[in-house]
Amino acid sequence: MRGNSVRINSGKGSQVTGLNKGPSKVQVALKWDPSPLGQPAHDLDIIAGTYTAADPYGEPAYLVHFDRRSPDGTITLNRDSQTGQGLGADEVMTLELERLSPSYTRVVVGVAIQQGGGPKTFSDVANCSFRIADGITELVNSGFVGALGAKAATVAEFIRNDSGEWQFHEGIRGFDADPDEFGGLMGRDYS
């Protein structure tokens, strides 16, 4: 069942509305508890994939994660933990959507569990949750309920509409894939 996807919820599409023009500078924060004493460390990673208008559901134009940065500096991993130790968020990624080139029309954000200490799913990681905010506006604050049996999951996507405005769509989709496989699968159309 390698690389299979399971839809957890429809993510019907929350939009940031009002006077602003959709989300612009988004922060994704991930936290989890360290593994029990004597057990291999839990290492989770935030991954963002960017997609062009020419291929919005194909291969990502580029991925950003713990050892790869965006070429233009618009998506950055600000904090990277390999153990879940510390106070507050263990991993933090910033997406400056307003600075992304107009050629990018879709950004998918996910979380993958490193499998170095043997197979692990979200059910093996205590108190694992994520928060996505645009400035002071919280877009989502959630756990991985429904994707507990998955090794990786997408948690959100941002889509640029024809007028150039970004729209936020939440939704968790679990994958039975390691981080390398997940990067190639996370942006495909599973509807």
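This is a predicted model: local features need pLDDT of at least 70, side-chain atom pairs count only at pLDDT 80 or more; totals for chains, interfaces and linings use all residues.
1. The chain as a whole. The protein chain has 191 residues, and buried residues make up 49% of them. Its accessible surface comes to about 9200 Å². Carbon and sulfur atoms account for 48% of that surface. Among contacts with a separation of 6 or more, 69% are between residues 24 or more positions apart.

2. Strand 8 and its cover. Strand 8 spans residues 129-134. The strand is mostly covered, with five of its six residues buried. Two of its pairings are described in the next points.

3. Pairing of strand 8 with strand 2. Strand 2 comprises residues 25-31 and runs antiparallel to strand 8. Six bridges join these two strands. Within this pairing, Val26 stands opposite Asp134 of strand 8.

4. Pairing of strand 8 with strand 9. Strand 9 covers residues 137-143, and it too is antiparallel to strand 8. Six bridges link strand 8 and strand 9. Asp134 stands opposite Thr137 in strand 9, while Phe130 has Ser142 as its bridge partner there. Asp134 may therefore be followed in both directions, since under the DSSP bridge criterion strands pair when at least two bridges are found between them: Val26 stands opposite Asp134, and so does Thr137 of strand 9.

5. The turn between strands 8 and 9. Strand 8 and strand 9 form a hairpin with two residues between the strands. Gly135 in this hairpin takes a positive phi near 65°.

6. Glu91 lies in strand 6, which spans residues 91-96. Is Glu91 buried or exposed? Its relative accessibility is 0%, so Glu91 counts as buried, the cut-off for buried being under 20%.

7. The surroundings of Glu91. Leaving aside residues up to four places away in sequence, Glu91 touches residues including Val28, Ala29 and Leu30. Also among them are Trp32, Asp43, Leu44, Asp45 and Ile46, as well as Leu77, Arg79, Asp80 and Ser81.

Terms used:
Residues are numbered from 1 along each chain as its sequence is written. Side-chain values use heavy atoms; hydrogens and water are left out. Helices (H or I, at least four residues) and strands (E, at least two) are DSSP runs, numbered from the N terminus. Buried means under 20% relative accessible area, exposed over 50%, partly exposed in between (1.4 Å probe, protein chains only). Contact means heavy atoms within 4.5 Å. Accessible areas come from the Shrake-Rupley method with a 1.4 Å probe; for residues, only the protein chains shown count as cover.
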